Amino acid sequence: MFNAFYPREYVDSAYDIPYEEFYGRGIRGVIFDIDNTLVPHGAPADTRAVALFERLRGMGMETCLMSNNKEPRVTSFAAQVASRYLFKAGKPRIKGYKRAIELMKTDEATTLFVGDQLFTDVYGANRAGIYGILVKPIHPKEEIQIVIKRRLEWIVLYFYNREKRKIQKRKR
């Protein structure tokens, strides 16, 4: 029923993802949301974010920041982590995801998406045919429209987690 919103994986943090393993499986580009995925909403890039992007570049991975936020916010953050970027990307519309893939010179099969919201980040990645990873929001303070969406996300995540448990039981 909610499968279109289900992430391929759900992890605690963008910093916990085993990017080297994904590289070994053929992933060559990562699209990231910024706010509450990499840093708290509106915060500049911190040392952890800068180190992550350096690590990815060192592996040979391409990166692209993709945000529905305005140009000044996204441009500033992108400069701090030295990444390509898209602002006012229109997530969950597919067009932005396709543009990010073009910028990185990857394709759907070799691209990963990392974000903190089901109804924009994950849903859009699924629609675009990209492997989407949902991360837990970094900070609880959010704009009211996101707080409302989070309540709806809890319902979807309940069914997602229930389905995951059923699959794990069958494997035993």
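1. Patches are made of residues with over 30% relative accessible area and no salt bridge, like charges being joined within 9 Å and nonpolar side chains (Val, Leu, Ile, Met, Phe, Trp, Tyr) within 5 Å. Lys and Arg count as positive, Asp and Glu as negative, while His and the chain ends are not counted. The place of a charge is taken as NZ of Lys, CZ of Arg, CG of Asp or CD of Glu. Accessible areas come from the Shrake-Rupley method with a 1.4 Å probe, and for residues only the protein chains shown count as cover.

2. This is a predicted model, in which local features need pLDDT of at least 70 and side-chain atom pairs count only at pLDDT 80 or more, whereas totals for chains, interfaces and linings use all residues. Residues are numbered from 1 along each chain as its sequence is written, and side-chain values use heavy atoms, with hydrogens and water left out.

3. A surface patch of positive charge is formed by Arg-162, Arg-165, Lys-166, Lys-169 and Arg-170. Of these residues, Arg-165 sits in helix H6 (residues 144-171); helices (H or I, at least four residues) and strands (E, at least two) are DSSP runs, numbered from the N terminus. Arg-165 has a relative accessible area of 44% and is therefore partly exposed; buried means under 20%, exposed over 50%, and partly exposed in between (1.4 Å probe, protein chains only).

4. How many salt bridges does the count come to? The count is 8, a salt bridge being a side-chain nitrogen of Lys or Arg within 4 Å of a carboxyl oxygen of Asp or Glu.

5. Asp-12 is partly exposed at 47% relative accessibility, and Lys-136 is partly exposed at 37%.

6. Arg-55 and Glu-20 also meet through their side chains in a salt bridge (3.0 Å, N to O). Because Arg-55 lies in helix H2 (residues 47-59) and Glu-20 in helix H1, the pair ties together parts that are 35 residues apart in sequence. Arg-55 is partly exposed at 31%, as is Glu-20 at 42%. Beyond its neighbours within four places in sequence, Glu-20 is in contact (heavy atoms within 4.5 Å) with Arg-55 and Met-59.

7. Asp-33, Lys-91 and Asp-121 are linked in a network of salt bridges.

8. Helix H5 (residues 118-128) is largely enclosed by the rest of the structure, because 8 of its 11 residues are buried. Among them are Leu-118, Phe-119, Asp-121 and Val-122. Gly-129 follows H5 and has a positive phi, near 80°.

9. Tyr-131 belongs to strand S6 (residues 131-135) and is buried at 16% relative accessibility. Not counting residues up to four places away in sequence, Tyr-131 touches Arg-8, Glu-9, Phe-22, Arg-25, Thr-111, Leu-112 and Phe-113.
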